[in-house]
Amino acid sequence: MWKLKIGEGEGPWLRSINNFVGRQIWEFEEDEGRQEERDMVEKARELYHQNRFQVKPSSDILMQTQLIKEKQIDLTSTPIVRVGSSEEVSAEKVEMVLRKAVRFTSSIQAHDGHWPSECAGPLFYAPLLIIVLNLSGTTDSVLSSEHKKEIIRHIYNHQNKDGGWGFHIEGHSIMLSTAFNYITLRLMGEGSAGNGSDHGALGKGRRWILDHGSLTTIPSWGKMALSVLGLYEWTGCNPVPPEVFLLPSYLPFHPGKLCCNVRDISLPLSYLYGKKYVGPITDLILSLREELYAQPYETIDWPKTRYTVAKEDLHIPHSLIQDAIWDALYYIGEPLLNHWPFSKLRDKALQKAMNHVHYEDENSRYLNLGCVEKYFHMMACWAEEPNSSAYKHHLARVPDYLWLAEDGMKVQNLGSQLWDAVFAIQAIIATNLEDEFGTTLKRAHNFIKETQIRENPSGDFHSMYRGNSKGGWPLSEQDQGWQVSDCTAEALKALLLLSQMSPEIVGEKIETNRLYEALDFLLPYQSKNGGFAIWEPTTSPKWLELLNASELFRNAFVEHEYVECASSIVQALVMFQHLYPEYRNKEIKTSLARAIQFIENTQAPDGSWYGYWGVCYTYATWFALTGLASVGLTYSTSQTIRKATEFLLATQLDSGGWGESHLSCYNVKYTPLEGDRSNIVQTSWALMALIHTGQAKRDPAPLHKAAKLIVNSQMEKGDFPQQESTGSSMGTVNLHYASFKNTFPLMALAEYLKFVILPSQNVSPS
């Protein structure tokens, strides 16, 4: 039976700077678990499979079952609360729901203080792992038969009815994911040449690929990954020359100034492209060449395929300038750079690219910025030196990205340990139940303190295209080491709240100098327009998006400013200024004024804001309104708030809830869920947003309807039902944050009780 292990790590190839706090890995133990527990897991898997087209995200049942069992907590001893259709929501019933919800939240906390949870969704992650393991011949040494079984289960569970696979679990079928997952299944032993690959689910996948133009229509990333594998030709790829990293750093288009994700993927890809590296051509690779092309492999005119992309995949068409640059590099640059004396320049560029790859690997303890970055880094390390120590360090961190749930084993984007913890802390504090759940808060408090990044990257980090990280917090764990501005702001908020509580209940507050370091980290992230970037301060002009070669991601080429980041940081600065008025007060005031202007200026005509990191307009509007309210703006004083209130009230459903499709992110237009369905997480965001506009004083009826829906959705153990995923990234990637379905309903009801119910009864919060 599978077991989730927390904070463990041993062996010569693993490194940690904080004793693996926050690490979460799944291991299979043959003798683990009683038969009834195994039966329960199988039942959860069967139920998921039966309902997979209705609810596609998992509910994290395996993790919850293990942690609840370890704590030996009876979560069903208190009855479920229900509010009748003609009944008003009472303070007593909300308090019962909150206590039950916090009890559940406490039961699934890990011993190191974080809340283990899935952060996944995209369906092109796992194939990249399987490709690099196959390339290096390390599949069997890294993945057990049980790992393979669960990865295969996940792939089949998320195949669409038309036979293809989506960009993410809720997306329409696209060539990239369909080709990747078909190839992954074949590399893991599914089907066989000549017959097995033509039947059943695998056969449907192959037919989808051939019906949509074959592998020649896969996007650029896919073309390059498959060239490494031997299923495509490098002559069919647009250039990614490593020589661009030799350009003077003052140039606005120097790759060191690109968005960190693009930069960190371009470095290993440029190395692979520069070497035209191809792995072993096995019988299986030869068979796949026959299976996945509409004509014999050797007859394909590869240069003509460079710009061929399936219409299902092409979200960001190439600009004319991008195509012109590619053609110049392809027809002029590459021929020159592959002949002496220019080949000397190629050798120098390859070495520089790998120096950066190794620097990133070592400073992230081989976790890297994300899974895609990690797997391309692994390919480059293997291509440079098979079985190198760098590659062995990489293999040791493969389990960190694997997550198991009832739908199978998937690869996570990274992990959201810190992000999930800071919101859980804020939600629990909002309930005023700290006396009952102080131990939970104390553990979480310690986790936040242990996860702060204490040092900048090593050496001359600016020359390695890295910025300051000291004082910041990552999305996941300290070992990964990549700072994130909104994670830092939300962690700072949580710590400031905890600092005002009894240390006997929640533990000793963090040292003041570390709070100062967090503030010092945040302020430089503000751009000229008043907004805040997320990973690194913006350094490049926005027109460079004309060179966005991803074909798949919007606004992915350079850093941008985001309303969610601006709001989180505004709230943190307001709290910090109140508690520490003597530190950089003038700079904080100036920063706040500029940030508020940014939030107001980015509001859409309908009163909403576009969300980059959640779905979508509902998510960003909650953040924006919370930020505006934190500086004292109100419905009566702010036209911006009035317009946003109108947007939220106009999109509320008859059920009292809100329900927004992930297609809003893709279409850049508010798109409701089909059938006027509501989503409990989005309902929670909208409820909190309206509360912060003072809706309770004008007309509390919309708030009562929303609260009633949330109350009546709570399940037997105190958790809430899993519905559509509500996380997002870069306009097209839908992310499943499994913790959201419990944290945000808890937070929303706590705010509803505190700001709506109790004031109406002239009762002060306890």
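This dialogue covers ring contacts in one predicted model.

Colleague: What should I know before reading the values?

Modeller: The model is predicted, so local features need pLDDT of at least 70, side-chain atom pairs count only at pLDDT 80 or more, and totals for chains, interfaces and linings use all residues. Residues are numbered from 1 along each chain as its sequence is written, and side-chain values use heavy atoms, with hydrogens and water left out.

Colleague: How many aromatic pairs are there in the whole structure?

Modeller: Rings of Phe, Tyr and Trp (its six-membered ring) pair if their centres lie within 6.5 Å; planes under 30 degrees apart are stacked, over 60 edge-to-face, the rest tilted. A search of the whole structure finds 41 such pairs. One of them joins tyrosine 516 and phenylalanine 576. Their centres are 6.1 Å apart, with 70 degrees between the planes: edge-to-face.

Colleague: Where do tyrosine 516 and phenylalanine 576 lie in the chain?

Modeller: Helices are DSSP runs (H or I, at least four residues), numbered from the N terminus. Tyrosine 516 is in helix H20 (residues 512-522) and phenylalanine 576 is in helix H21 (residues 563-579), 60 residues apart.

Colleague: Is phenylalanine 576 buried or exposed?

Modeller: Buried means under 20% relative accessible area, exposed over 50%, partly exposed in between (1.4 Å probe, protein chains only). Phenylalanine 576 is buried, at 0%. Tyrosine 516 is buried as well, at 19%.

Colleague: What kind of pair do tyrosine 516 and tyrosine 583 form?

Modeller: Their ring centres are 3.8 Å apart and the planes are at 5 degrees, so the pair is stacked. Tyrosine 583 is in the loop between H21 and helix H22 (585-601), 67 residues from tyrosine 516.

Notes: Helix = DSSP H or I, 4+ residues; strand = E, 2+ residues; numbered from the N terminus.
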